[in-house]
Each structure stands twice: as structure tokens, then as C-alpha cells.
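Work through the exercises below with the sequence and the 3D view open beside you. Try each task on your own before you read its solution.

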Amino acid sequence: MAAKRVVIIPGDDAAPEAMAAAMEVLGAMKLDIEYEEFPPGEHWKRGETELRARAAIDASDSTLFGATSGKTNAIMHLRWGRQTYANVRPARYMSGAQSPLRSPDGIDYVIVRENLEDLYLGLEGPLSELRPLKPQSRILRAPLDTSAEGRYAIKVITERNTRRVAAFACELALRRKRAGGRGKVTCTAKYNMLRESDGFFREIVEETVRGYPELEYEQFIVDDFARRVVQSPHELDVVVAPNLYGDILSDAAAGTIGGLGVAPSGCYGEDYAYFESVHGTAPDIQGLGVINPTATLLSAAMMLEYLRFADESARLEGAVRKVYAQGKKLTPDQGGNAGTDELARAVIANL
Ligand code: ATP
């Protein structure tokens, strides 16, 4: 029996092309891992494949996931079912990647996004539903006009999820500090406007970081933080944010280090973690054989580290970096003219 079991869910549209390339590389690494591979989303049978995927996930050590546009349904189970509360999105520049910044070398920070709540609970509806609650606006100092035609959305920040995502960010900052990092946690949210919800998030994060005397703490209102992602990304180390801001800002962060094609992520819970690229399913380039597999490969490297294959994780990341430094086999999003497979084969050659 292999040391670890990993579920592979390729996802929808162009995502399976990136996953196939990543599997070619993982296969070449000959790791002590047993892979259970699911088909691309278009071949999923409603209900049946999803049930099978859930059972496989529960019996596995981790999952490598492509992106979904709705045909692949396992994401709910991976996120809410397995309570993977911390979405870790590194923004680390690789020499040779297409950054729009003048000096991207040395950008190396991580956005830790709360992954389960905030505005992502689907608590929306017509304003009339709020009528019985007679909501009072703190800003307008008046009741909300619930007779207007309109919609509402509810934002939820719980103490439990905030504490655990904050503690996760602190532990990560500590590990990075031991490896030569700054040892700093930055909290960002709109706590000046959303005093109750984002204010609560900010307060808990600050309190948590204060429990780690080795770490520095700083906070920025999210609009100011957005500017810093572009103007002074070198000053960041570990950033912690509520779900929506973390989602948006990590795409912006990806833009500064070479775009969605090179941005990996991992979603960690107490007893499970799964890994996926930051990008979506890139339907506009499906079938062209040019989707950049780097984000999936770097997500796989994060997975190997989680599975305690630390040396193999470094080996994979090192091989990817070499391909960028060489600059000969890059996909069109990186200014090259190589196909998905060619980039994967160049990584294999550098392993
Ligand atoms: P989602 O809502 O799931 O994030 P989306 O369609 O808004 O999906 P993406 O699928 O991430 O966003 O695609 C945004 C743009 O980036 C598209 O033009 C897509 O082709 C491009 N893109 C995304 N990922 C890659 C990649 N790995 N390689 C090359 N281009 C990519």
C-alpha cells in the first residue's frame, strides 16, 4: 500500500488540460502516493459521481482539484464538508514570469483568506424579507426602507472561524520567520465602515497575534491594502482577510507576480486539506492546449509539503522555477509560445 492516498478531480472546461499536465509531472516523480483520478466534469453523472467523489475524499489524505464552472460538484464537500477554513494563496514571484511591475523580484508573501463564511453563505433575498426585522442603519440613523424594490445579502463573521484562521496565519508567519521571513501578520478589512462585522474580525486577529510575541502586527483598511499590493508588495509577509476581500485581493496579487496562470492555493482544515489553482476554468482557451499548468503544479507542490514530502515539494517547485528562469518553454500568458504539455515536459526535464 502507498504511503498516501490522493484524489484527483480535474474539473471543468480547460482545467483538465492543466491537470493532465500536472499528473504527467507527478507521475514522473514516482512518489509513494496512490492517486484516485476522477473524470473531467462533463463526464460526471449527476449525484452518482459526486457521491463516489465524497467517499473517495473522506478516505484520502488530500485532494488536488482543478477549477469548476458547475459541472464538477465536489467543491462543497471539500470546503464546507471538510471545514477547510484557511485558504492559503502565496504571492511569490518567479524570475522570468510576466509581471507588470518594474521590480517584482523578491515579492514573497501569503494571503490567508477565511474560506467558509463572510458574504459567501448565500444569505440573499428580496428586501421585503427583512420587513419583520425593522433593521436600523447605523450610518443613516434611520430604519431601512424595506418597501423599496431591491435585494440584500448577509455577511457573517463568527468568532470561531476568525480565531482559527488568525491562529493559522500566526503559525504560518512563525514557520516563515524560522526560515528567514519577516515574522509579520497584516490584517486587512473594511473595519472603519463595517465596525461590527469587520471590526470584530480585526479585533480577534489583533488579539490572536498579540499572543505571539515573536510576531509583528499591522493592519490596513482594505482599500489602502489594495494599493499596497501594487506599490509595496515587498513589505508584506502573511496577510489575513475575510473571505470576499481575500478572494479579490489574491487575484490582484496574482496579477503582480505573473497572472492567474502561476498562482497556486491550498485550503486547510483541522484534519484535511485540498489544493487548487487560484484561476477558474478558463473556458475561452479550452481545447487549445495552451492553458498554463504552473498554478496546478505549484498547488501540487504545496500538497506535497502538506503530505510531508518536503524534499519532493522543493524539488518540484525548483524545477518549475528553472523553466521560468530559462524562459524557453513558457505558455502564451507568459509571453511564450509553448503548449501546456511542452511546459510540463520542460519541468520534468528539470526535476
Ligand atoms: P472563475 O469565476 O471561476 O474565477 P473566470 O472565467 O472568471 O472563472 P478564469 O477562468 O480564471 O476566470 O479566467 C480568467 C482569464 O484568465 C481568462 O481569459 C483565462 O483564459 C485566463 N486564464 C486563467 N487561468 C489561466 C491559465 N492557467 N493559463 C492561461 N490563462 C489562464
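Among contacts in the chain (heavy atoms within 4.5 Å) between residues at least 6 apart in sequence, 77% join residues at least 24 apart. This is a predicted model, in which local features need pLDDT of at least 70 and side-chain atom pairs count only at pLDDT 80 or more, while totals for chains, interfaces and linings use all residues. Residues are numbered from 1 along each chain as its sequence is written, and side-chain values use heavy atoms, with hydrogens and water left out.

**Exercise 1. Describe the chain as a whole.**

Step 1. Along the principal axes, the C-alpha atoms fill a box of roughly 65 × 50 × 40 Å.

Step 2. Of the 351 residues, 53% count as buried, where buried means under 20% relative accessible area, exposed over 50%, and partly exposed in between (1.4 Å probe, protein chains only).

**Exercise 2. Which residues surround the ligand, and which backbone atoms does the ligand approach?**

Step 1. Look for polar contacts, meaning pairs of N or O atoms within 3.5 Å. An oxygen atom of the ligand lies 2.6 Å from a polar backbone atom of G280, an oxygen atom of the ligand lies 2.7 Å from a polar backbone atom of A282, and a nitrogen atom of the ligand lies 2.9 Å from a backbone N or O atom of N292.

Step 2. Of the 620 Å² of accessible area that the ligand has on its own, the protein covers 59%.

**Exercise 3. Where does T49 lie, and what does T49 contact?**

Step 1. T49 belongs to helix α2, which spans residues 48–58.

Step 2. With a relative accessible area of 3%, T49 is buried.

Step 3. The side chain of T49 reaches the backbone nitrogen of K45 at 2.7 Å; leaving aside neighbours within four places in sequence, T49 is in contact with F38 and W44.

**Exercise 4. Describe two loop residues that have a positive phi.**

Step 1. D13, in the loop between β1 (4–9) and α1 (15–29), has a positive phi of about 55° although it is not a glycine. Its relative accessibility is 16%, so D13 counts as buried.

Step 2. Q83, in the loop between α3 (75–81) and β4 (86–92), has a phi near 50°, again a positive value in a residue other than glycine. At 29% relative accessibility, Q83 counts as partly exposed.

**Exercise 5. Is R102 buried or exposed?**

Step 1. Locate R102 in the loop between β4 and β5 (108–114).

Step 2. The relative accessible area of R102 is 85%, so R102 is exposed.

Step 3. Finally, the C-alpha atoms of R102 and T256 are separated by 10.0 Å, although these residues are 154 apart along the chain.

Technical notes: Polar contact = N/O pair within 3.5 Å; in protein donor to acceptor, adjacent residues only side chain to side chain. Areas by Shrake-Rupley, 256 points an atom, 1.4 Å probe, with all protein chains shown as cover. Helix = DSSP H or I, 4+ residues; strand = E, 2+ residues; numbered from the N terminus.
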